[in-house]
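Here is a short tour for a reader who is new to this structure. Keep the sequence and the 3D view side by side as you read.

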Amino acid sequence: MSWLAAAGRILFASAVALLLGWLYGYPLQALLALFVGLVGVWLYQLRKVQMWLQDPAQTPPDAYGIWGELLARMYAHQRSSEEVQLRLQEHVNYLQDSFSSMRDGVVMIDRQGAIKWLNRAAQPLLGLRYPEDTGHKLANLVRAPEFTDYFLGDDFSEPLQYVSGDDRRQHLRVEVTRFGQGERLLFVRDISEAVRLEQIRRDFVANVSHELRTPLTVISGYLDTFLATASELPQKLNKPLRQMSQQADRMENLLKDLLWLSKIENDKREEQHELVDMTGLLQEVREEFSDMHPETPIELDVRTDRQFYGNYRQLYSAVANLLSNAVKYSEPGSPVIIRWYSSANECIVEVEDHGVGIDPVHIPRLTERFYRVDDSRSSMTGGTGLGLAIVKHVVAAHGGDFRITSKPSVGSTFALIFPSGESDVG
Ligand code: ADP
């Protein structure tokens, strides 16, 4: 029944009461009696509603007119929200079930950073207990400073990798995603096996490179001796001997780079860091290259005298690789600029050339080992294909970024960007 129909009924009843009252000479009294009766009926209905609301799971009581409709609608609404809640709970159960069966640890965290739920796998990985730890702040329960810094920080764009456990043997990878209204979902995975395999790979490359050096030294030694006495040998051996010697040199450089790369990878970060005078380092590299390539003007543009903590040998090799490429991939005599400057948050070394440049499609892959833009060009220039991989690892070992900008036929700029923080001395 609509509200208008109910109002119409009351009006009709009032008119009838007035008419009857008028006939008997008491119109106002008749109207008053009608209203008192109406209020009584409404109070009775209201009481029924109130009683039902105390236990709305029951079917609603019968009620008249608009009250009946009101109750029916309230009941239907309540049933449908119950269904929605049930469906939601089913979704939550389904998600929790699938998270429970995951081998990765999953932790749901509320806006305040307290644990809401966690699966079984997360318990041994993070040293948590469920349900005992629900409601407790996660940062207070996980006893690893790297984890706490990461979790309390605001930057989850990169996953965290850290070593945990009393014996510091378990390697964990943690990823955090936000959802809802500031809640967080944390995934944690044991990557110890992957780290172990990666270490085996590194050791293998380092050992093979090391083992190959001795036979290669013997071969090169004999080749040098033969070449020194080339006049005594048959003429037709001259060219092959020179080529063999060139290739042996190339192989030696390759082994040297491979060994150096695995040393950088294995060096514990910051263990061998010392105060580095970058201006002095850049002057030294420039001198070395100017002596080797007197035809190339190398300008050194120093705009800061900042020193910072780093590994001198590694930094030297990074800049030397960049300079070597700048000379290799430019016309003879084309100028090269080395810059050293700083901003509030960063210290930057830049090497700029005006050489052949690089097509943008290659730039994301340049730091991969043995990646070459043009194979024929690189074998002509005698590169090992490891130069930029070395640079990338050096920068990573210093917590920095490596940025490459280039335009074909215009030139390239390679920037080593180091964070200036506690590690630098202004
Ligand atoms: P390579 O020993 O081949 O020079 P790198 O790792 O140093 O190996 O460089 C990878 C590739 O990047 C090179 O083969 C070359 O094609 C390109 N490259 C590096 N530096 C420059 C540069 N300054 N100008 C143009 N191309 C470059």
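Strand β1 covers residues 105-109 and strand β2 covers residues 115-118; the two pair in the antiparallel sense over three bridges. This is a predicted model. Five residues lie between the two strands, which form a hairpin. In the turn sits G113, with a positive phi of about 85°.

β1 has another partner. It pairs with strand β5 (residues 183-190), again in the antiparallel sense, over five bridges. Here V106 stands opposite F187 in β5.

How many of the residues of β1 are buried? Five of its five residues are, and the strand is mostly covered. Both faces of β1 are covered. On one side lie G105, V107 and I109. On the other lie V106 and M108. All of these are buried.

**Salt bridges**

A search of the whole structure finds 17 salt bridges.

| Salt bridge | N to O distance | Relative accessibility, one partner | Relative accessibility, other partner |
|---|---|---|---|
| D133 and R129 | 3.5 Å | D133: 4% | R129: 49% |
| E193 and R196 | 2.9 Å | E193: 44% | R196: 45% |
| R365 and E368 | 2.9 Å | R365: 41% | E368: 34% |

Take D133 and R129 to begin with. Their side chains meet in a salt bridge at 3.5 Å. D133 is buried, because its relative accessible area is 4% and the cut-off for buried is under 20%. R129 counts as partly exposed, at 49% relative accessibility.

Turn to E193 and R196, whose side chains meet at 2.9 Å, N to O. Where do these two residues stand along their helix? Both are in helix α7 (residues 192-228). They are three residues apart there, so about one helical turn separates them. E193 is partly exposed, and R196 counts as partly exposed too.

R365 and E368 also form a salt bridge, at 2.9 Å. R365 is partly exposed, with a relative accessible area of 41%. E368 is partly exposed as well, at 34%. Salt bridges that share partners also build a network: E198, R201, R202, E265 and R369 are joined into one.

**Surface patches**

Which residues form a nonpolar patch on the surface? They are F12, V16, L19, L20, W22, L23, Y24 and Y26. Together they have about 1,000 Å² of accessible area. L19 has its place in helix α1 (residues 3-24). This residue counts as exposed because its relative accessibility is 51% and the cut-off for exposed is over 50%.

D291 belongs to helix α9, which covers residues 278-292. With a relative accessible area of 65%, D291 is exposed.

**A buried helix residue**

Is I264 buried or exposed? I264 lies in helix α8 (residues 238-266). At 3% relative accessibility, I264 counts as buried. Now compare I264 with R313. They are 49 residues apart in sequence. In space, their C-alpha atoms are 10.0 Å apart.

**Backbone exceptions**

Most residues other than glycine have a negative phi, and most peptide bonds are trans. Some places in this model depart from that pattern.

A cis peptide bond joins Y130 and P131, with omega of about 10°. P131 is found in the loop between α4 (122-126) and α5 (138-141).

F370 is not a glycine, yet it has a positive phi of about 65°. Its loop runs between β10 (346-353) and α11 (375-381). F370 counts as partly exposed, at 44% relative accessibility.

S409 is not a glycine either, and its phi is positive at about 65°. S409 lies in the loop between β11 (401-407) and β12 (411-419). At 68% relative accessibility, S409 counts as exposed.

Terms used
Residues numbered from 1 in each chain as written. Predicted model: local features only at pLDDT ≥ 70, side-chain atom pairs only at ≥ 80, totals over all residues. Heavy atoms only, no water. Helix = DSSP H or I, 4+ residues; strand = E, 2+ residues; numbered from the N terminus. Buried < 20%, exposed > 50% of the residue type's maximum accessible area, 1.4 Å probe, protein only. Pairing = 2+ DSSP bridges. Patch = residues over 30% accessible without salt bridge, like charges linked within 9 Å, V, L, I, M, F, W, Y side chains within 5 Å. Areas by Shrake-Rupley, 256 points an atom, 1.4 Å probe, with all protein chains shown as cover.
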